[in-house]
Amino acid sequence: MKISKKKFVYLISPNKIKRSFYKDLDEILKLKKVSFFQLRLKGASFKKKIFIGKKIKKICKKNKTKFLINDDVLLARYLNSDGCHLGQKDMKILKARKILKKKIIGITCHNSLALAKLATKNKADYLAFGAFYHSKTKKTKFKANLSLLKKITKITKTPIVAIGGINSNNYKKLLLNKANFLAISGYIWNNKKLKPIEAIKKLK
């Protein structure tokens, strides 16, 4: 997996897709800051996810951004997306690998070195850690800190994704501590002060 210093954003979808979303997404991806876009829709039907996913896939392809699906390996296969992100309660990576073959599979490791070692052993394409900061997007069960990043980078060369409450005030600390990608959602889509395109421009 290529790591670009400029394209450090791992953008996660809002949970509700508004009409204006597709245009906003296209504008954001044109800025060439986003390496991955993850579709994460909780509570939507499979049919609705397919409808939304097909539209997003076109926008991602046009802008050379990897399109990933959250949690759902079968949806990822159906949409022929670039890969899938798996939490600890989702399908096991070895089973997912048989279905998705050489596609990207990322694993949530919370704040655990043991989970990171296991995911690395099972050849995950990236490891996601967090929450580093307070997040309004998702309930925070696990807290990660900067010293964890230092430990992780000593034991594995697998790319690291930091997640949780990341915004324009705190993102640089994570990059300086060797996070390869920053998973961001609320700061872009639910920002009360800035439009999505303005919010992402602040991440330089």
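Partly exposed, on this tour, means a relative accessible area between the buried range, under 20%, and the exposed range, over 50%. Keep that in mind as you click through this predicted model. The theme is charge pairing: side chains of opposite charge can pair when their charged atoms come close. A search of the whole structure turns up five salt bridges.

**Stop 1: helix α1**

Select Lys-23 and Glu-27. Their side chains meet in a salt bridge, with 3.2 Å from N to O. Both residues belong to helix α1 (residues 21-30), and they sit four residues apart, about one turn of the helix. Now colour the pair by accessibility. Glu-27 has 29% relative accessibility, so it counts as partly exposed. Lys-23, with a relative accessible area of 57%, is exposed.

**Stop 2: two loops**

Next, pick Asp-71 and Lys-42. They form a salt bridge whose closest N and O atoms are 2.8 Å apart. Which parts of the chain does this pair tie together? Asp-71 is in the loop between β3 (66-70) and α3 (73-79), while Lys-42 is in the loop between β2 (34-39) and α2 (46-62), so the bridge ties together parts that are 29 residues apart in sequence. Asp-71 is partly exposed at 27% relative accessibility, and Lys-42 is partly exposed too, at 47%.

**Stop 3: a helix and a loop**

Move on to Arg-97 and Asp-125, whose side chains meet in a salt bridge of 3.1 Å, N to O. This pair links distant parts of the chain, 28 residues apart: Arg-97 lies in helix α4 (residues 93-100), and Asp-125 lies in the loop between α5 (113-121) and β6 (126-130). Arg-97 has a relative accessible area of 22% and is partly exposed; Asp-125 is also partly exposed, at 24%.

**Stop 4: a network**

Now select Asp-26, Lys-30 and Lys-62 together. Salt bridges with shared partners join these residues into one network.

**Stop 5: a lysine without a salt bridge**

Finish at Lys-7, in the segment before β1 (9-12). Is Lys-7 buried or exposed? Lys-7 is buried, yet has no salt bridge. Draw a distance to Asp-82, the nearest side chain of opposite charge, and you will find it 10 Å away. What lies 3.2 Å from a polar atom of the Lys-7 side chain? Look for the backbone oxygen of Lys-64. To see the surroundings, leave aside neighbours within four places in sequence and show the contacts of Lys-7: Lys-32, Lys-33, Val-34, Ser-35, Lys-64 and Phe-181.

Key. Residues are numbered from 1 along each chain as its sequence is written. This is a predicted model: local features need pLDDT of at least 70, side-chain atom pairs count only at pLDDT 80 or more; totals for chains, interfaces and linings use all residues. Side-chain values use heavy atoms; hydrogens and water are left out. A salt bridge is a side-chain nitrogen of Lys or Arg within 4 Å of a carboxyl oxygen of Asp or Glu. Buried means under 20% relative accessible area, exposed over 50%, partly exposed in between (1.4 Å probe, protein chains only). Lys and Arg count as positive and Asp and Glu as negative; His and the chain ends are not counted. A polar contact is a pair of N or O atoms within 3.5 Å; within protein, one must be able to donate a hydrogen and the other to accept it, and residues adjacent in sequence count only if both atoms are side-chain atoms. Contact means heavy atoms within 4.5 Å.
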